Amino acid sequence: MKMREWTTVDVLRHARHDWLNKVQLIKGYASLNKMEKVKNIVEDIIREAQQESKLSNLHRSEFAELLLTYNWEGHTVQIAYEILDVDRNALPDDGELTGWMNHFLAAVEDAADPNGDNRLYLSVSTLPSGARFFFEFSGTIKKRGLLAGFLENDCPGMNVIHAYPASAFPVEIIFPKA
């Protein structure tokens, strides 16, 4: 899966679209006097901005671009991420990490039912042994063996834990420290 080259105008157009959707939700709930809903949306916006900041502070620009822009295109799977306590020095280099992530996402996309409501949650943290990437998928898998094969064959030197390719599954990948 090749990353798209985003122009400044492309990025601004997508960001503006996302913000307008959020502002319209706030405006709609405010006009209905549903202030608890407004408060929840504002809290979600703050949480999302904090996560984008943490992602940007990893100093892995290609990886950050991949996660920040992934949902802007018509993918079978929508992703969400959370950056926990991360020592960026324990992460793989940007090219290696982004390349692996592109291959992993392509495998998940190929395995998922294109008509399903497919969501992939990623949390990133570090352990004394290396960088921890925990994925949790919910949706419909149509090709169970494809993802299992990827996890067995395309994760050399990585510790793959809890790989259960089914309708919902967790996968934990540990990139060992270099």
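1. Phe175 counts as buried, at 2% relative accessibility; buried means under 20% relative accessible area, exposed over 50% and partly exposed in between, with a 1.4 Å probe and protein chains only. The model is predicted, so local features need pLDDT of at least 70 and side-chain atom pairs count only at pLDDT 80 or more, while totals for chains, interfaces and linings use all residues. Residues are numbered from 1 along each chain as its sequence is written, and side-chain values use heavy atoms, with hydrogens and water left out.

2. A search of the whole structure gives 6 aromatic pairs. Rings of Phe, Tyr and Trp (its six-membered ring) pair if their centres lie within 6.5 Å; planes under 30 degrees apart count as stacked, over 60 as edge-to-face and the rest as tilted. Trp100 and Phe175 are edge-to-face, because their ring centres are 5.4 Å apart and their planes stand at 85 degrees. Trp100 belongs to helix 4 and Phe175 to strand 5, so this pair ties together parts 75 residues apart in sequence. Helices (H or I, at least four residues) and strands (E, at least two) are DSSP runs, numbered from the N terminus. Trp100 is buried as well, at 7% relative accessibility.

3. Phe104 and Phe135 make a tilted pair, 4.3 Å centre to centre with 40 degrees between the planes. Phe104 is in helix 4 and Phe135 in strand 3, so the pair ties together parts 31 residues apart in sequence. Relative accessibility is 0% for Phe104 and 0% for Phe135. One aromatic cluster is formed by Phe63, Trp100, Phe104, Phe133, Phe135 and Phe175.

4. The largest nonpolar core has 37 residues, and among those with the most contacts inside it are Trp100, Phe104 and Phe135. Such a core is a set of buried Ala, Val, Leu, Ile, Met, Phe, Trp, Tyr and Cys residues joined through side-chain atoms within 4.5 Å. Helix 4 (94–111) and strand 5 (168–176) are among the elements that each supply at least two residues of this core. Helix 4 gives the most, with 8 residues.

5. Arg60 lies in the loop between helix 2 (35–56) and helix 3. Arg60 is buried but has no salt bridge, and Asp94, the nearest side chain of opposite charge, is 5.5 Å away. Lys and Arg count as positive and Asp and Glu as negative, with His and the chain ends not counted; a salt bridge is a side-chain nitrogen of Lys or Arg within 4 Å of a carboxyl oxygen of Asp or Glu. A polar atom of the Arg60 side chain lies 2.9 Å from the backbone oxygen of Pro92.

How values were computed: A polar contact is a pair of N or O atoms within 3.5 Å; within protein, one must be able to donate a hydrogen and the other to accept it, and residues adjacent in sequence count only if both atoms are side-chain atoms.
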